[in-house]
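Here's a walk through the charged pairs and the ligand site of this model. Have the structure open as you read.

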Amino acid sequence: SPRVVVAGETLIDFLPDREGPLSGVESFSRRAGGAPANVAVALAHLDETPRFWTRVGDDPFGDFLEDTLRKRGVPTEYVERDPVAKTSLAFVAHGEKAERGFSFYRDETADTRMEPGGLPDSALEGVEWVHVGGVALADEPSREATFDLMRRAREAGATVSFDPNARPELWEAFDYVGSMREAFGLADVVKATPEDMAAFDVRGDPSELAHAILDEGPHTALLTLGGEGSVAVTSDGSPWTADLSVVAHDGYEVTPVDTTGAGDAFTAGVIAALVGNEPLSEVLAFANAVAAVTTTGAGAMTTLPDREAVRAFRDERA
Ligand code: ATP
């Protein structure tokens with residue numbers, strides 16, 4: 001029975017065939033995406049197959065996504081099909097420096113209509129870890145569904161992790177920073193990037209950003225730094241504190257082809273390693289390796305390594 005539950009959006013990313021503004025892009029390729037879906041698939045590749053709760057439309061894109069999840073090893077028992085609302089779409093633009101922009105087709109789409117209690121308590125029984133993300137908090141009822149799941153997961157004794165996944169384009173109805181603070185308060189572990197924290201009134205190096213997260217209640221904050229690797233900061237309440245409360249790993253040098261989903265692969269690596277009781281220094285090394293390998297191919301779900309591939313990659317670098 002699964003040790004990990006992941007919940008949140010599954011959507012279609014349309015990737016442009018060229019760099020530059022969206023108005024100039026003629027063709028796109030369709031990729032399965034959504035940060036929680038990426039995490040779920042990455043966990044399955046790492047032999048930590050989660051229970052995944054999501055909602056897509058009863059439309060051809062929903063068919064494709066459900067099919068993709070199944071083919072990539074994620075059970076689809078808790079993939080809801082909305083009879084009315086459509087599957088979310090995100091058109092991605094790539095700038096010249098590989099920075100990304102999004103244009104979302106996501107008004108009242110299926111993923112925003114996940115409801116509190118949609119995942120029953122029985123699905124949380126015996127589960128050690130529950131992971132959710134910030135996109136679901138930008139709309140109701142998925143916002144309350146996510147907060148409700150976090151609360152029930154805590155009551156069930158699971159470790160709760162949260163990834164802000166800042167997408168400024170999506171925040172209209174609710175305040176981003178206030179929502180993040182509320183979510184941090186319900187999480188044990190937060191994985192974020194400096195960009196996720198840009199709207200917070202905190203300046204300084206990654207460990208200072210991590211401390212701003214810990215101030216809200218979590219016992220562990222992880223910051224990913226792109227090609228520079230990652231940092232973990234823990235508070236006294238952490239079950240994983242090694243000798244140091246700040247652990248860093250420089251990452252691995254690769255030639256990235258597409259960094260989409262690197263952060264999600266990192267999250268999956270962290271969860272898989274922590275559920276396996278690895279020490280934090282090993283957690284960061286493992287998660288950075290999973291993420292680095294993921295950047296070497298196009299698409300968030302296509303180059304995900306299994307444990308053997310991670311081992312081979314690390315051996316080669318050692
Ligand atoms: P995304 O939003 O694209 O999923 P992110 O912005 O959340 O990614 P990043 O901090 O860019 O997350 O990257 C996450 C992890 O992926 C890094 O901590 C690192 O391990 C790995 N990574 C990303 N970019 C590179 C790179 N250029 N070279 C090596 N590793 C990388």
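The side chain of K191 puts an N or O atom 3.4 Å from a ligand oxygen, which falls under polar contacts (pairs of N or O atoms within 3.5 Å). On its own the ligand has 630 Å² of accessible area, and the protein covers 86% of that (Shrake-Rupley method, 1.4 Å probe).

A word on the source: this is a predicted model, where local features need pLDDT of at least 70, side-chain atom pairs count only at pLDDT 80 or more, and totals for chains, interfaces and linings use all residues. Residues are numbered from 1 along each chain as its sequence is written, and side-chain values use heavy atoms, with hydrogens and water left out.

## The shell around the ligand

Around the ligand there are 19 residues, the closest being T224, G226, G229, T259 and N288; to be in this shell, a residue needs a heavy atom within 4 Å of the ligand. By class, that's seven nonpolar, 10 polar and two charged residues, with Asp, Glu, Lys and Arg counted as charged, Ala, Val, Leu, Ile, Met, Phe, Trp, Tyr, Cys and Pro as nonpolar, and the others, Gly among them, as polar.

Helices α6 (262–275) and α7 (280–294) each bring at least two residues to the shell. The top contributor is α7, with three. Helices here are DSSP runs (H or I, at least four residues), strands likewise (E, at least two), numbered from the N terminus.

## Salt bridges

The model has 23 salt bridges, each a side-chain nitrogen of Lys or Arg within 4 Å of a carboxyl oxygen of Asp or Glu. In one of them, E48 meets R3 at 2.8 Å, N to O. E48 is in the loop between α1 (35–45) and β4 (51–57) and R3 in the segment before β1 (4–7), so this pair ties together parts 45 residues apart in sequence. E48 is buried, at 6% relative accessibility, while R3 is partly exposed at 32% (buried is under 20% relative accessible area, exposed over 50%, partly exposed in between; 1.4 Å probe, protein chains only).

K71 pairs with D67, with 2.9 Å between the closest N and O atoms. Both sit in helix α2 (residues 60–71), four residues or about one turn apart. K71 is exposed at 69%.

Terms used
Polar contact = N/O pair within 3.5 Å; in protein donor to acceptor, adjacent residues only side chain to side chain.
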